[in-house]
Structures are given as structure tokens and as C-alpha cells.
Amino acid sequence: MLDFLGTLTRTHNCGELRASDAGKSVVLLGWVNRRRDHGNLIFLDLRDRFGITQIVLDKDLSATAHAKADQSRPEYVVAAVGKVRLRGKDVINPRMPTGEIEIVADELRILNDAKVPPFSPAEDAIANEEVRLKYRYLDLRRPEMQHNLEVRHKVALAVRDYLSSEGFYEIETPYMTRSTPEGARDYLVPSRVHPGEFYALPQSPQLFKQILMISGLDRYFQIARCFRDEDLRADRQPEFTQIDLEMTFPQQETIFRVVEGFLSTAFKAVGIHLPTPFPQITYDEAMRNYGIDKPDLRLPGLSDVKATFTPENLAALAIDPALPVIALRIPKVGELSRKERDDNKPLFDTRKGAKYIDDLKRLEKGFPEAATKVRELASAQPDDLLIIVAGDTAHHITASDTKTAGRLSEREIAVYSAAGNFRVELAKKYADRHGAFAVTDAIVTNEARNTGTVDGSQAFRPIWVTDFPMFEHDEATGKWMPAHHPFTSPHEEDMDRLVSDPASVRARYYDLAMNGLELGSGSIRIHQQSIQQEIFRSIGMSDEEAKSRFGFFLEALQYGTPPHGGIALGLDRVVMILAGASSLREVIAFPKTAKAIDLMVDAPTPVSEQQLRELHIRPTKA
């Protein structure tokens, strides 16, 4: 028979009591985490959000309470009334904050029972993610998940407080708006009162926040919910949360200072010191030094080793002399076996004509002088994995290969990208050997994170990437398309090349990356209507199409629009890094699967014919 709570009130949580509380009468409420039956003594580990406390039920002291404990099972909800006592020295549990004490209960109430769960929240790891998501209410009882959501709360609160202190207003923008595709598919909402017409859920508050700047609000921010109907992966969800901000009259550095300020404050809120200012690098420099526009600074960069090879060497190795020759180094991996080298082949992208050499011993036999210089330039130690990436002479140059994107040709970018992506994949694969990523996992589980004493300068490596190409060439249409959203301003000195040489135009666009993950992106916006129209025309959008899609915004630009700019950072991604998680699903309370399904509530689901009729929708079979 179940009990009622009655007039009982919790006096302490399950992670609170210490040796100094010995002798106190207490009431604890929570879930049975584990139960151990020793006959006349039954031990219950009582769990709540704050921790675990051991409850002792002694039959000689209270037969009634002991009998209740005998009925209890894991995940039962119970109330324990008793006194705090010190544990004996030989049974202290140093792994628990409450490990020096226990509660000798003289009363135990079973407030609710529980079915045998498909997994126990007391388990350290549950392999089947689908089961975890289906029974998310059980999964969220796990200490790891509760810690992740605590980190999320602290980060969001710290960001809000910091931006408010900097003069930003938190302003909500609409969830139901018009469709203005920004690269991904919109989630559409049919209108009942306007048959055949649709709202769209926002991919971002982009135009609304720019209009807020036109409105003279000066500084806006929002912890914004956004929606994109796109294929999912570990760092993407169909609905996600971003830290969105915009400000008037900023220089790029003004925005950087604000972002660095709220990020360092957010990291401090979970006990980690994040040094500022963050380093900066241009897009071209990022590609040359790291082969990727979101560099992971925990790993060594790329090294240009082309000068170590003679033209004859390059010809003998079938390396294209017109393209870069790059060395990548992964520390402390050691020599790979033939099987390991074969297993690594699928990790390398050869589609754009890049090739690699991973047998350095063979290279040393044929080209000893060049191999020695390669090791020197790459600062390679004897136990480092060293690989050379270059252009393959067997790849025939096509018209598209010669087009430029920014200041690098597409084939140059192909070589740098192949090297950069290979570097990241190999680093992940051999992380246990070289330990470059292990430091992050160690730092977020260190108890010092709660005391603010952790130095995060090596584990968390932010970097600004600036001056991206304004346009990218779309092979399917033959057009130059915006590499970012079309409201990004080009550099003033590049304006006259918008039509004549779009590949050379730099955008006033910037990304913030950390540990190889893009945390967010932003730009200085176009604030003059004539330039905005010119950008639309430069990407092949007619004046009529621009008016149809963005007429309200083009009109707003005519009413004294100030220079403005902003950024949006993924809150989910920030928390994922801080929690040491491998997926956004670990830091979102109710995420979707990779197939965009909510397994717990079984969504999406069909709706009734009546609902469809009211919305003037008639589904068709695929």
C-alpha cells in the first residue's frame, strides 16, 4: 500500500549533508537508486537532482520502517525521516560528497512505486540510444544528464546577465513568419484562415533583428529557438537554440569583444577560466594552415613542404607542381601497420584530385634529403604520424577547377581541405594514442570546475575566422551564389568587383570556432538599400523576385537604417563542448533522433481528416 506525503517537508537535499551535520533530524525525499539487503539491515541509496545519500533501515530500531524498505525497489519514490550519523572510518565512501555520513531512518514512506525500468539511471552508460530517447524521463534522471542540463542553465543565465549589463535588450521575435529560405528547407505551418497560404518557422531571427536595429533599439539579444528541415548529424537538430544578438554602429572588433565577454563569463559560471582575447585568422590563412575553416587548435597545423622537393622529385611522385604540397602531423601515434594504413584510406577525399603519401620509410629510401627536410619543417618527432598531401597529376583540370573562390583556386582549396579533413579524422581515430582530445574530457569531469580554478586555456581553444569569400560558384546553375546569407556586407574596397570578379570579393563575415566545431557566425550587415539590391542582382535575383521575397525589408532600409552587425552562437554547441559530450542530444532535454523523430511522444504522427479539412490540405501519396 502506498503512503501519502502528508505534512512532511524536505529539510535537505540528497547531496547536501556532511560530517558537520551529524546528529541532525532530517527529512529526505527522492528515488531509490540502489538497494542492498543485509537481513536486519537494509541500505537504500536515495537520489535526487543534487546527489545521493545512504539511508540505513535497522530492524531493531524500527521494524515498520525496515518492512517498508523491504518492499522498496529501484526508482521507487520514498520519504526518509531520521538522524544523521557519521559512518565508521572503514566504510567512508570518498567517491561520494555525502560519503562520510548516513541517515538512520526511523520512518520510511513509499510515495510511489515503479515498474522495472528498461535501464537503470544508476548505470554509468547505456548503449542503446533509441531506448534512452524513448524513456527520456528515465534517462534524464541520470547524473550525467542532470549535470549537462545544469551546465546549460548556468550558461544561459550567465549570457543573459552579461548582455543585460552591456545594455542589450532581450526581445522576442515571431515564431510564425513568412518563408525566406536561408539555405535549408523551412518548416511550414498552414494557415486555416488563409487557405493555401503558409507561415514558416524561423531558421533564424535574421531579418527581424536587423529591423530592430532600424527601429533604434541599438542592442538586441535573444536566446532564440530556430528550426531547419535538414538532414541531421551529431551537431545538428531540427529545432535548436542560439544566442542571437545584433547591435548598431559596431566595428567587427566591437562584436568580438561582446562575444568574448559573454563566453568567458559563461565558462566561468561552470568553473572554467577562458582567456581573452581570442586569436584571429583570415579564411585564407585558416585554409593554408589548417585546411578547414573551423580549425582545431589542439592539433598541430599543416606545414608547406613543397620547397623540399625538386621538380624531378615531384614528377617521380606524380605530384602536380602547380598545387600545394602539405605535411600533416598527428603527435605520438607511432608507426602504423600496413593494415592500419589500408583502413585509413576511406577517410581521405580523393574526389577533387588530391592524393597522400603515408609510407615515410619508403619516401626516405627514394628521396632521403627531401624526407629529412619534411620532418624538419613539420617539427615531427620520431613517434609522430606524418603524412604528405598533394595534387595528383592524374586528375585532369576542368573549367571549374580554375575558378577562384576568394584568393585560392578551387584545386588549391581541394588539396588544403583534403589535408585538413584527413588531419581531423586521423586525430579522432587515434585520440587514445596522442591524447590531444583527452584533456577536454578530463577537465569537464574535474571537481575543480565548481570552484572556478580550472585553467581552460589548453582544453578549450577558440579562434575567430574572418574575411570569408563573399560568393561561391554553384556548378549546377553556373551562378555565383552568396556563400552566406545575402544580407552580409562586402568589404568596401571590394564593392566595384561584385559583378566583374565576384570570386575575389571578401565578405565582412566571421565565424567563431572552438576545438574544430563552429560555435557561431555573424557579419556586418548591408545597411544601404542600393547595395542590398546590387547584391541581389549579382546573384541573379531579379528586382521583381527580390521585391516578392524581401520587399518589406527593402522598404525598411529606406527609412534611415544605421550600420549594424551581429552574430548567432549555438547554445547547444557551447554546452556540448563544456559537457564533453559527443552529440547535441546529450545536452537537449527532449531531442529528436537522426531521422527527426521524437521517440518519447511518437512524433511526427498523422492527424485527423477533420484537421486536414480545416487547414485546406489534401495529402498525396509519395
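These notes run from the whole chain to single residues.

Basis. I am working with a predicted model, where local features need pLDDT of at least 70, side-chain atom pairs count only at pLDDT 80 or more, and totals for chains, interfaces and linings use all residues. Residues are numbered from 1 along each chain as its sequence is written, and side-chain values use heavy atoms, with hydrogens and water left out.

Whole chain. I looked up the secondary structure and found 19 helices and 25 strands (DSSP runs, H or I of at least four residues for helices and E of at least two for strands, numbered from the N terminus). Of the 622 residues, 51% are buried (under 20% relative accessible area; exposed is over 50%, partly exposed in between; 1.4 Å probe, protein chains only). The C-alpha atoms fill a box of roughly 90 × 75 × 55 Å along the principal axes.

Cis bonds. I noted that most peptide bonds are trans. The bond from threonine 276 to proline 277 is cis, with omega near 0 degrees; proline 277 sits in the loop between strands S11 (272-273) and S12 (280-282). Alanine 603 and proline 604 are also joined by a cis bond, omega about 5 degrees, and proline 604 is in the loop between helices H18 (571-579) and H19 (609-614).

Positive phi. Alanine 318, not a glycine, has a phi of about 55 degrees. I place alanine 318 between helix H8 (311-316) and strand S14 (325-330), in the loop; its relative accessibility is 26%, so alanine 318 is partly exposed. Asparagine 515 has a positive phi of about 55 degrees and lies in the loop between strands S23 (509-514) and S24 (517-524). Asparagine 515 is buried, at 11% relative accessible area.
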